[in-house]
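Please keep the sequence and the structure at hand while reading.

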Amino acid sequence: MPSFLRHLAIVLPLVAPAALLSQELPTPATPVPQKLVYAGDARFPPFEYLDTQGQPRGFNVELLRMLCAEAGCSVEFQLGAWRDAIAALDSGAADLASLAESDERRQRYELLIQTWTMHQSVLFRGGRDAYPSSLRELSGETVALLENGSTHELLRGLPAAQRPAFRLVGDQYQAVQALVAGEATAVAGNGLTLRHVAAMLGIVDMFEVEVQASGYFLSARRGRGAELRGLVEAYERLLTSGRITALIERSLVLPARPPTLREQLRRAALPLLALAGVAAMALVWSTLLRREVRQRTAQLWQSLREKERLAAALADGERRFRGILEDVRQGVLLFDASGRITFANASALELLGVDAATLLGQRSLACAGTLSRENGEPVGPEAEPAARALEEGQSVRRELLAFDGARGRRWLLTYADPLPAPDTTRTPSGPTAAVVPGAPPPERPAGARPREVICTFTDVTEDRRLREERERFFEIAPTVHLVVGRDRRIRHANPAARRVLGYDPQALVGTRVYELVHPEDVERIRSAVQSLEHGVSDVELRCRHADGSWRWMLWNAVADRGQDLVFTVGLDVTERRQAEQQVHHLAYHDTLTGLPNRALFLDRLHMAIARAHRHGEHLAVFFVDLDHFKVINDSLGHSVGDLLLQEVGSRLRRALREEDTVARLGGDEFTLIVPGLVDAAALSALARKIQRAIKEPVQVAGRELTVSASLGLGLYPADGTTPEALLQNADVAMYRAKELGRDNFQFHTPALSARVREHLDLEGRLRRALAAGELRLHYQPILSIATREVEGWEALLRWEDPDRGLVGPDEFVPLAEATGLIVPVGRWVLEQACRDATRLGRGRMNVNLSARQLQADELLEDVIQVLRTTGLGPERLELEITESAALQDQERTADTLRALRALGVRVVMDDFGTGYSSLGHLRRLPIDGVKIDRSFVADLGRGDARAEGIVTAVCGMARSLGLRTVGEGVETEDQFARLAAAGCDSAQGYLLGRPEPLAGSSVASEASG
């Protein structure tokens, strides 16, 4: 179909329904603006373009003029570059334009009238051997096309592997010119336009591949559809007049091309060729008749010669057949009607170990050896296969016989087939047709006695040996081999069945396989049987052992359709499955107690929450933490601690119900899931029961230990609807129990959450304070009691919070200690205090060390680095530690203190007298002095003789050990005098000086003085 007709055939069905609609439902005309501006493409023939005089032409131009005349308005055409036309429509400088339909354009514009159908095509120059048939075959092509046009959008959407190279141009003329110039191998766009442009350029050998068709619409900016409704109505009226159809025929047809000289000559030659053809046909008819006569004569002579050739071929065929029989590897013997051997091929003579003179004319193979069956029964001459076939007139098929002859014992697979009479299969000199072993015997007329019997046999000795070796392999194989019939009963089992499953192989014969499989795995084996057509691989099933236990077996199976048998091989993988189960258990259970670990606990908690939500039930989560467990570990060793944890886990398991869950999260933390309990009294009773169970004395490593626990309770849904929220709130409640003195339980409350939030907020603010430089150091002087002169200063930490003002250490130091922030904070305090000590110029600088700092591996390195950086002499640095900090790891603490003293740094025990075994610490720890706690100094002068006795005793003992003593918290002259009387060396307190910052304070003035 010509291109024009194809386009017209698509346009008319689209406009016809609208024409009928306009006839049936006339509507009043809608007014249109007096003048419209149409923006278009100046180089888009035959739809819109500028002619040689610069006037607008084309189908769109004529159609719009007709529509405006019908609607009572005028139109101004602005045809130029396509991108300018779109820009004019988008900006409002133009009212109308013609656009191809796409999802993007339907969103941006109002598509008023479908005027025609655009056929996007790819054109190639003629002369190629093959052309692509779709867009997906354009890979490797270079396609010239309009930039950002609809075809460009279409090709850009292809996958990268199928996308062609692009030669982007401004209009269709440039695209075709690029094809002509060899800059592209194809040109893409509107097919009709491309053919018009090609025709104008004188190109006629074009091959078109149409790729997509889409509607072409007269379009306006979004929101102007109602204003331009009159044009749509005018279009509907024009459809009935036939003027639009005439316009399509007039505007969209390709211009006629004048015929070439070759075409004119071809047209003139047609009549002459017709006349010449008639004459030629007459001549040919005469020739054909003469040829037919010659052919018939030749066929007669050919028939005579064929008869002669067939006779010769028959004799040659017999010779060739004999040669074939001589060459085949099977033995072939021919017996006549009397049962004598009349023919034996070379293979038969070789297998029997005799020559032809010995064998021919014999009635039996007894001249060459003896025949017997598999069971050893002899086979006489009358029972040989050839004799039976001759006597019975029936074939003997696949009979296996043992032949003992000159070559020893050979196993022969024999066939004997009678040949029918009258003898149509042999010439006077021998057989002329082969009888294939195993094939049906030739039909024999009823009552006719066979004239001959052909007997063939194959030496299967080697095959039998290989089969016996294979069977022997199956006998000793470690895998279980079963042969199963179509009734799913076992036909054969190898000896491995006894070793693996404990059954006698013969006892398994006749057993249904389903009787050996675990009931839960029966459906799996049924599904596997249905898949036997393609074989079954790696199916793991539990099979019953003769002792009643279950063994995991890995099975592979294949079906023998010819015999309806299934051959299966099974490998015992019980140990592997047990190892996998053990690995799974280790992944989800605590290795010490055997209880569920955190992962399994959270999984069970998730399922418990889902179940409680589904049934509208309640759920309790307990968080259990042992009290002072670290002391047991440090003092008695981790082995004792592990035994204690195992016992606690067992007691928790016994204290709960079967449906409850006990888990160990780590360390001395246990968690419990208790569903179904709603009443607070019942939960409290259970908590007390758990505490009593834990507090029962336990014998561990020859010691009787008693340990208590702190419990926190979180309830679903009141305290959380997710596992994480419930566990966190139970943890918060447990810490509240710790704060209240341990050995108790607490329910979670909103106030606890508020405290946690406040705690977290304070922690975050403290972290920012360290980075923002909001921490400050104040210094309190330490005076000699004998001279009242300043010996040194103690650095005291303060926090200058922008919102809360100056914050004392009691509010944030415990938090820093708990979160680990005390380590970087302590390092900053040490460095800043040493730097300020160099500014003071004299006296010692006392810096407090936290318990975490004292246990940190980098403490010694930090001290060395700070002294080196600040230039402070080590003899001017005095580090203060508490008795409780020294208790945590006494051996390690002693080693650290010795290393510090080796540097020249002095070590003082702060708050002495508040711990236990204090006198023993003075003897064992390498320290230089003690600071008597302010609680003892405060009682001096109040008539407390015991306080004065303790202070006097401490001072005397320290002096005997060569240690300096410092009294803290001195606020009165009487306290100062009593310390002097007790023999104390130094003192500090509000009486002698308050803590102040270094800059602009009495500290600086005293230093300079």
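Predicted model: local features only at pLDDT ≥ 70, side-chain atom pairs only at ≥ 80, totals over all residues.

**Nonpolar cores**

Leu-979 belongs to the largest nonpolar core, which has 66 residues. Together with Met-845, Val-863, Leu-877 and Leu-879, Leu-979 is among the residues that touch the most other members of this core. Helix H26, spanning residues 822-840, supplies the largest share of the core, with nine residues. As a general background, nonpolar side chains in soluble globular proteins tend to be buried together.

**An exposed loop residue**

Ala-786 sits in the loop that runs between strand E33 (775-784) and strand E34 (790-801). Is Ala-786 buried or exposed? Its relative accessible area is 74%, and exposed means over 50%, so Ala-786 counts as exposed. The C-alpha atom of Ala-786 is separated by 7.3 Å from that of Asp-985, although the two residues are 199 residues apart along the chain.

**Backbone geometry**

Most residues other than glycine have a negative phi, and most peptide bonds are trans.

| Residue | Phi | Relative accessibility |
|---|---|---|
| Arg-398 | near 50 degrees | 59% |
| Asp-743 | near 55 degrees | 31% |

Arg-398 is placed in strand E16, residues 396-405. Its relative accessibility of 59% is over 50%, and therefore Arg-398 is classed as exposed. Asp-743 lies in the loop between H23 and strand E32 (745-747). With 31%, Asp-743 falls between the limits of 20% and 50%, so Asp-743 is partly exposed.

Which peptide bond has an omega of about 5 degrees? That bond joins Tyr-716 and Pro-717, and it is cis. Pro-717 is located in the loop between strand E31 (709-716) and helix H23 (723-739). Another cis peptide bond runs from Pro-45 to Pro-46, with omega near 0 degrees. Pro-46 is in the loop between strand E2 (43-44) and strand E3 (48-50).

Note on methods: Residues numbered from 1 in each chain as written. Heavy atoms only, no water. Helix = DSSP H or I, 4+ residues; strand = E, 2+ residues; numbered from the N terminus. Buried < 20%, exposed > 50% of the residue type's maximum accessible area, 1.4 Å probe, protein only. Core = buried A, V, L, I, M, F, W, Y, C linked by side-chain atoms within 4.5 Å.
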